[in-house]
Amino acid sequence: MSKYLDMRLEGLTPYVPGEQPREKLIKLNTNESPYLPSVKVAEVVARQADNLNLYPDPDARELREALSCMLGVGAGNIFAGNGSDEILAFCFFAFCPNGAAFANITYRFYNVYAQLYNIDTEIVPLEKDFTLKPENYANLGKTIFIANPNAPTGIALTRKQIEEILLANRDNLVVIDEAYVHFGAETVVPLTESYDNLLVVGTFSKSRSLAGARLGYAVGSKSLIEDLNRIKFSFNPYNISRMAMAAGIHAALDTEYYNACITKIIATRTRSITELSKLGFESTESLANFIFTRHSKLCGETIYNRLRRYGILVRRWEQPLIGDYLRITVGNDAEMDALFAALSIIIGEAL
Ligand SMILES: *Cc1c(COP(=O)(O)O)cnc(C)c1O
């Protein structure tokens, strides 16, 4: 820490992203897609090289129009961000005058943003089985953040359950983070037309194979989008690079290719949960592109460390209630087969 740092930031604990290893590992730790972006993405991104002397469109108009086709809402109800993390940061910064409420076990960045902007938080515990009870989100008087499906549990709420939360919070904004929604959960994007207290946040990082591009979006009422633009144009008007914009426009429109990838990931997820259960793991009912699982006999830390020796990287948190769980990204079939083979040896040796 330098002597120049604002004292208010001394206590800030930054987010710790999953490792991006330099050596060649089977990477099942940050929920990236195992499938490449569609072929045309490489082509349109390369074509932007000759335009890099010019700034990108600060209104992201073409991208928002492509998203409008993908999501079935007007382009004026869409905001585009440098990753959904940037949009979440804007939400914590701009929409939490009375504080923020979110679950004890959820995307860890919520807590980091709350600290960064010095926001009061109300932590709402999940049930023992990691499900979320909508009635716990009534009368909190705070801005609500819910990842649906939740991270790292993969458990999803139905549209009806989210509507219950929206109805109980007519005067509070509810932010639904749909980073993983395309892997089997119900999107609440259509509800943005009837609920002006709903903002849905999404990303190209997971189901659209563009984690490296940094591209996210938000859907809500025109006035919420206007507010987000007010922040963006006071912070970084050119928040999306020309390459990311070109990639996103194409990825938003190539639904057929990405749906095929999603179908493969869902099939691999189902098979993997069965294979893991044969090895003594119990997993949550994940509707995301990852599996949240623990072994009946071996502790999480041991499995995590031994997997690494086999060149397989998964994610684990030193946190109450979930310390024995591993979050395993659903990779391609070959990667998952390597995982089961390694686990089978690890468990055979230990028991
Ligand atoms: C991955 C993830 C994000 C961040 O996505 P980016 O668009 O890559 O910034 C947001 N929310 C949740 C719950 C995530 O898991």
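1. In the residue classes used here, Ala, Val, Leu, Ile, Met, Phe, Trp, Tyr, Cys and Pro count as nonpolar, Asp, Glu, Lys and Arg as charged, and the others, Gly among them, as polar. By class, the shell around the ligand comprises 3 nonpolar, 4 polar and 4 charged residues. Its members are Gly83, Ser84, Asp85, Tyr107, Asp177, Ala179, Tyr180, Thr203, Ser205, Lys206 and Arg214, where a residue is near a molecule if one of its heavy atoms lies within 4 Å of it.

2. The model is predicted: local features need pLDDT of at least 70 and side-chain atom pairs count only at pLDDT 80 or more, while totals for chains, interfaces and linings use all residues. Residues are numbered from 1 along each chain as its sequence is written, and side-chain values use heavy atoms, with hydrogens and water left out.

3. Helix H3 (residues 83–94) gives the most to the shell around the ligand, with 3 residues. Helices (H or I, at least four residues) and strands (E, at least two) are DSSP runs, numbered from the N terminus.

4. Polar contacts are pairs of N or O atoms within 3.5 Å. A backbone N or O atom of Ser84 lies 2.6 Å from a ligand oxygen atom. In the side chain of Ser205, an N or O atom is 2.6 Å from an oxygen atom of the ligand. For Asp177, a polar side-chain atom lies 2.6 Å from a nitrogen atom of the ligand. The ligand exposes 380 Å² when taken alone, and the protein buries 93% of that (Shrake-Rupley method, 1.4 Å probe).

5. Turning to the fold, the protein has 10 helices and 12 strands. Its C-alpha atoms fill a box of roughly 60 × 50 × 50 Å along the principal axes. The radius of gyration is 20 Å, which agrees with the value near 20 Å for a compact globule of 351 residues; the radius is taken over C-alpha atoms, and the globule rule is 2.2 Å times the number of residues to the power 0.38.

6. Which residues does a cis peptide bond join, with omega about -5 degrees? They are Asn148 and Pro149. Another cis peptide bond, with omega about 5 degrees, joins Ala151 and Pro152. Pro149 lies in the loop between strand S5 (143–147) and helix H5 (159–167), and Pro152 is placed in the loop between S5 and H5.

7. Ala60, a residue other than glycine, has a positive phi near 45 degrees. Ala60 is found in the loop between helix H1 (39–47) and helix H2 (61–71).

Terms used. Polar contact = N/O pair within 3.5 Å; in protein donor to acceptor, adjacent residues only side chain to side chain.
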